[in-house]
Amino acid sequence: MKSDIEIARSIELVKIKQIAREYGIPTEEISNYGRYIAKVPETLIDEERVKQSNLILVTAITPTKAGIGKTTVSIGLALGLNKIGKKAICALREPSLGPCFGMKGGAAGGGYAQVLPMDKINLHFTGDFHAVTSAHNMIAALLDNYMYQNKDNGFALKEVLWNRVLDVNDRGLRYIVTGLGGKTNGITRESSFDITPASEIMAILCLAVDEDDLRRRIENILLGFTVDNKPFTVKDLGVAGAIAVLLKDAVSPNMVQTTEHTPAFVHGGPFANIAHGCNSILATKLAMTFGDYAVTEAGFGADLGAEKFYNIKCRKAGLQPKLTVIVATAQGLKMHGGVELDKIKEPNLEGLKEGVKNLDKHIDNLHSFGQTVVVAFNRYANDTDEEVDFVRRHCEEMGIGFAVNNAFMEGGDGAVELANLVVDTIGRNPSKPLVYTYEEGDSVEEKVEKVAGKLYGARQVLFSPAAQKKLRMIKELGYTHFPICIAKTQYSFSTDPKLYGVAEGFNFGVRDIVINAGAEMLVIVAGEIMRMPGLPKEPQALHIDIVNGEIEGLS
């Protein structure tokens, strides 16, 4: 079979305005970025249409390092829905350059279920990530300059909370010292870098409902504390307008096309292991405005992405998904069944039988939100019929809908079974109101304990001295009503990335809490998770190149 990028190049793209026209998107309102990419203004969102649309979340079991293929299934489902005569649009996150050149090589789907032009989407796209990076670092530079210029006037911050970001995996930037050298180089202090998807500006971009809300949230960003213990914000710095200007174009969602020339909104890119893991509210609502079915995904396993989708995004945006699709693979299930990682591609029915416990736990968690759930089995070439049939029977015994997804190999035709299952299930099951894991009025400790205990299986939550200090600070600032965003490993329910399957009875250690006053959420940093990833021993950058004028190595 051709590689992803070979398939992408083999498809003759349609001009984006033609696709917009076919889906009733006013072409005079959109701004082209070349022939095949456009910015669509958020002013086209129609809240009445949003209420009538069928929102579908695609999530997954706890992934392997190679992933589960959730984005491919999301795109494939949208293609399958269109194949059976439904008007469907997908809403996805933008890929980050960090994992693109690190572990993954790209994140625009795969095979015959991709969003195109995949090379541009995977690389610089419309510059949204650069705008977020620039806006974040502009605040850092302006803050450093303010402290430097006003130090002789007695101004000082006893604690600076704002660091810098960069959209690369660079472990050498996790902890740094700035301002070294002569006194004209600024104030010497310890600092750090996060990856751009973990930026609070990224979260703000994805959670803002319009330009006014964007600016309000930027003003509220907490930068640090003065020597007399007063919070110092971007509003105090007086530069919210300038930062909003940097984000003016980035706030409008991007529209591209799938491999079968249907529209897709790709906008925002927070990771789900270190951020809230969902594309922008604006992109989702645009997909719901112009599609009778809107398919969106949330990063990594359901313990991370889906939990944050419900408890943060849906709570804040008033969204009500009609159905959740959970993606499973034979390889992932065998990994959770105790099969050695180098053997999960080999047939192993006993390992699969043990591994479905991970799937069952995720389904139970999704049911706790009041969600109707179906399983999409993302099939690979080396999966046996016996393995597929076992998972199908297992789901049938649980009363859970099951369908095989072959969109990677067959495009929309390979997702017709899944599309029919989704439509039939939504038709048979009236939408239920979301049930949140915690209430806004709960204490921060209670919120963490409810997520860690009910969804992860933790015995108790242990807060480090640094986290306890932040808890006191949060209470004093009046931020306890914010939802929580837990940053932890994506490879386990626990904080131990090697504890596969279903972890139970473990201690859940909270190392730190990052206050995102602008994004209006609290990032709970658990275990050894790093907000600046490192590169693997063999990064994908070794395989990315230009050959005869064509990009190779993206996937």
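Welcome to this protein, which has 20 helices and 25 strands. What you see is a predicted model.

**Overall build**

Taken along the principal axes, a box of roughly 75 × 55 × 50 Å holds its C-alpha atoms. Buried residues account for 60% of the 555 residues. The accessible surface is about 21,600 Å², and carbon and sulfur atoms contribute 49% of it. Of the contacts between residues at least 6 apart in sequence, 74% link residues at least 24 apart.

**Aromatic rings**

The protein has 8 aromatic pairs. One of them joins Y146 and F155, whose planes stand at 90°; angles over 60 degrees count as edge-to-face, so this pair belongs to that class. Y146 is partly exposed, with 27% relative accessibility, while F155 is buried at 18%. Y479 and F482 make a stacked pair, and both of these residues are buried. Here are the two pairs side by side:

| Pair | Distance between centres | Angle between planes | Arrangement |
|---|---|---|---|
| Y146 and F155 | 4.9 Å | 90° | edge-to-face |
| Y479 and F482 | 5.0 Å | 15° | stacked |

Y146 and F155 also belong to an aromatic cluster, together with F232.

**Charges over rings**

Which residue lies over the face of Y436? That is R315, found 4.3 Å from the ring centre.

Technical notes: Residues are numbered from 1 along each chain as its sequence is written. This is a predicted model: local features need pLDDT of at least 70, side-chain atom pairs count only at pLDDT 80 or more; totals for chains, interfaces and linings use all residues. Side-chain values use heavy atoms; hydrogens and water are left out. Rings of Phe, Tyr and Trp (its six-membered ring) pair if their centres lie within 6.5 Å; planes under 30 degrees apart count as stacked, over 60 as edge-to-face and the rest as tilted. Buried means under 20% relative accessible area, exposed over 50%, partly exposed in between (1.4 Å probe, protein chains only). A charge sits over a ring if NZ of Lys or CZ of Arg is within 6 Å of the ring centre and within 35 degrees of the ring normal. Helices (H or I, at least four residues) and strands (E, at least two) are DSSP runs, numbered from the N terminus. Contact means heavy atoms within 4.5 Å. Accessible areas come from the Shrake-Rupley method with a 1.4 Å probe; for residues, only the protein chains shown count as cover.
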